[in-house]
Amino acid sequence: MSEKPYYETMYILRPDIPEEEVDSHLKKYSEILEKSGTEVLDSQMRGKRRLAYPIAKHKEGIYVQLSHKGNGQQVASLERAMRLSEDVIRYLTVKQDGPLPTPKSTSKDDEQEKSETEKDEIKPSEDKTESTAKDEKKEDSKE
């Protein structure tokens with residue numbers, strides 16, 4: 001175990017808060033970690049997603065992932081701040097062993113390329129399902 005462990009905190013914010021406030025939460029929790037002498041490796045906003053089950057009458061939430069490296073004492077202060085915040089509806093910190101996460105770029109060019117690639121990937125899979133359904137109908141009619 002030559003690599004030191006790091007921590008990943010995933011938290012869900014209420015869906016009705018404005019984007020400026022989401023950014024302030026990102027900065028606030030990063031500052032809490034930096035004050036405790038922890039290195040913040042990566043901070044990513046994953047976007048608004050549907051929850052598996054309602055949490056505090058919310059069916060959606062804004063997911064944020066925060067990777068940080070420290071001795072483990074910072075987790076308690078970070079989770080305490082999240083517990084006291086009304087905007088955070090769920091949080092979870094997991095200790096990770098393995099290679100450190102690489103920060104992902106969030107430029108708009110990368111997002112456009114990704115969305116174009118996803119569209120190209122979706123079209124062939126839809127064609128396959130349609131042809132498979134047609135093949136099954138033919139087999140059923142033969143029997």
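Two strands are said to pair if DSSP finds at least two bridges between them; helices (H or I, at least four residues) and strands (E, at least two) are themselves DSSP runs, numbered from the N terminus. The structure is a predicted model, in which local features need pLDDT of at least 70, side-chain atom pairs count only at pLDDT 80 or more, and totals for chains, interfaces and linings use all residues. Residues are numbered from 1 along each chain as its sequence is written, and side-chain values use heavy atoms, with hydrogens and water left out.

Strand β1 (residues 6–13) runs antiparallel to β3 and is joined to it by 7 bridges. Within this pairing, leucine 13 has isoleucine 62 of β3 as its bridge partner. On β3 there is also an antiparallel pairing with strand β2 (residues 39–55), over 11 bridges, where arginine 49 stands opposite glycine 61. The hairpin of β2 and β3 has 2 residues between the strands, and alanine 56 takes a positive phi near 50° there. Of the 12 residues of β3 (residues 58–69), 9 are buried, so this strand is largely enclosed by the rest of the structure. Buried here means under 20% relative accessible area, exposed over 50%, and partly exposed in between (1.4 Å probe, protein chains only).

β1 also pairs with β4 in the antiparallel sense, over 8 bridges, and tyrosine 6 stands opposite glutamine 96 in β4. Together the 4 strands form an open sheet with the order β2-β3-β1-β4 and antiparallel pairing. β2 and β4 stand at the edges with a single partner strand each, so one side of each is left without a neighbour in the sheet.

Helix α1 (residues 19–35) packs with helix α2 (residues 74–84) at an angle of about 150°, and their axes are 9 Å apart. Axes are lines fitted to C-alpha atoms, for helices over the stretch in contact, and angles run from 0 to 180 degrees between N-to-C directions. α1 and α2 are therefore roughly antiparallel to each other, a term for angles over 145 degrees. In the contact (heavy atoms within 4.5 Å), Tyr29, Ile32 and Leu33 of α1 meet Gln74, Ser77, Leu78, Ala81 and Met82 of α2.

Tyrosine 91 lies in strand β4 (residues 88–96) and counts as partly exposed, at 27% relative accessibility. Beyond residues up to four places away in sequence, tyrosine 91 touches Met10, Tyr11, Glu79, Met82 and Arg83. Tyrosine 91 and tyrosine 63 are 28 residues apart in sequence and 9.6 Å apart in space, C-alpha to C-alpha.

Key. Parallel < 35°, antiparallel > 145°, perpendicular 65-115°, else oblique.
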